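This report covers a helix, a strand and the nonpolar core in one model. The sequence and structure come first.

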Amino acid sequence: MIATIQKPLFFWKKGESESVIHLSPAMNAAAAAAASSSSPMNYDYVKMMHIFKAGASVLKIPLYKHIANLAGNPRIVLPVPSFTVINRVSHAGNKLATQEFNILPVESSNFKLAMQQGIQTHETVHGVIAMKYGNKAVQVCDEGGFTLNIKEKECLELLKSAIDESEYTGSVFIGMDVAPYAFRNEDKTYDLKFKEDNNDVSQKISRDALKDLYTSFVKEYPIVLIEDRFDKDDLEPYAKLTEEVRDHVLIDGDVPLVSFLKRVPMAIESKSNTEICNCLMLKVSQMGSVTDCIKTVKMAKEHFWGVIACPGSGETEDTFIADLCVGLSMGQIKVGNPFSDPRLVIHLRLKKIEIELGSESLYAGWNFRHW
């Protein structure tokens, strides 16, 4: 009988800290295979997950605590979840230009209560849609949000009504992910009727007019977050809007910063003039090494920016993003609808972390802006 020798999956280098773990060739190959099987996730991200998990396993501590230790983060914080409730769909005839609307249970005492408030408000949105537009109007898209043939202001009124009906006024707030690159024209105008049949271009507006529209929404509705409000290369109006609403709203850099992470220092350094945003959407599947991830989060938080954890495209049922978000105290996490499987498991992992922490558990709440 020939004995089988189990090769080590990871190793340490002499002279380095025990927390610095290197993957064996076998684990590197596994990471490469995992990355190639899920194209939106790059190799470095998959490798990063394996390194973090291996380190936590060796040290026999929870994954989120291992991440916190590596980052030198003394405070472990549960994030405010952002739930997708209404989505834009691509087919012609649908009036909604904004990509999605979210609800954020900010004024909660803990993550469990935040989940409860978010789910109840989501269900109330369902009921309000059925009551106002009929049961046939209750349709859910692939992203998990309801799809409606209405304009932005009517959509905001609907969400405000649902929050009031749920008795969560002052507790649950609204987020917008506009994604206007879908309706920006070559002349730097924005066409809010870009999907409608027989478009008469009556809502083709300048970028300053679009900025003013966002400002009016912020004044009238309980909005705490606006993502991707202009095209990724249209940075001038980004700065203008940030200057006007920064005291009340997180202005997320999303595509301009996720697509070009080298822009993060540029956006921060512009503080002497006007910042183009005050929040970073960290799509971890698009990050590189462990060092890149930790360095980017630290850089944002040192300048009092908000940080939002987001898995990006190509979701799986892996819950690594939950531990990463908690370990780095990002303050907010956006994983979409709370009911579908790839997203539900992440929320359940966060609830389990809260239980494990017990009396040491801390919910970001209003501090989600800059933990």
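## Helix α11

Helix α11 (residues 320-327) is mostly covered, with eight of its eight residues buried. Buried means under 20% relative accessible area, exposed over 50% and partly exposed in between, with a 1.4 Å probe and protein chains only. Helices (H or I, at least four residues) and strands (E, at least two) are DSSP runs numbered from the N terminus. The buried residues of α11 include Phe320, Asp323 and Gly327. Just after α11, serine 329 has a positive phi of about 50°.

This is a predicted model, in which local features need pLDDT of at least 70 and side-chain atom pairs count only at pLDDT 80 or more, while totals for chains, interfaces and linings use all residues. Residues are numbered from 1 along each chain as its sequence is written, and side-chain values use heavy atoms, leaving out hydrogens and water.

Two strands pair if DSSP finds at least two bridges between them. Strand β3 (residues 80-87) is joined to β4 by four bridges and runs antiparallel to it; isoleucine 86 has phenylalanine 101 as its bridge partner in β4. Six bridges join β4 to strand β6 (residues 172-177), again antiparallel, and proline 105 has valine 172 as its bridge partner in β6.

## The nonpolar core

A nonpolar core is a set of buried Ala, Val, Leu, Ile, Met, Phe, Trp, Tyr and Cys residues joined through side-chain atoms within 4.5 Å. The largest one has 98 residues, and Ile86, Phe101, Phe320, Leu328 and Met330 have the most contacts inside it. Contact means heavy atoms within 4.5 Å. Not counting residues up to four places away in sequence, methionine 330 touches Leu282, Val297, Val307, Ile308, Ala309, Leu324, Cys325 and Phe368.
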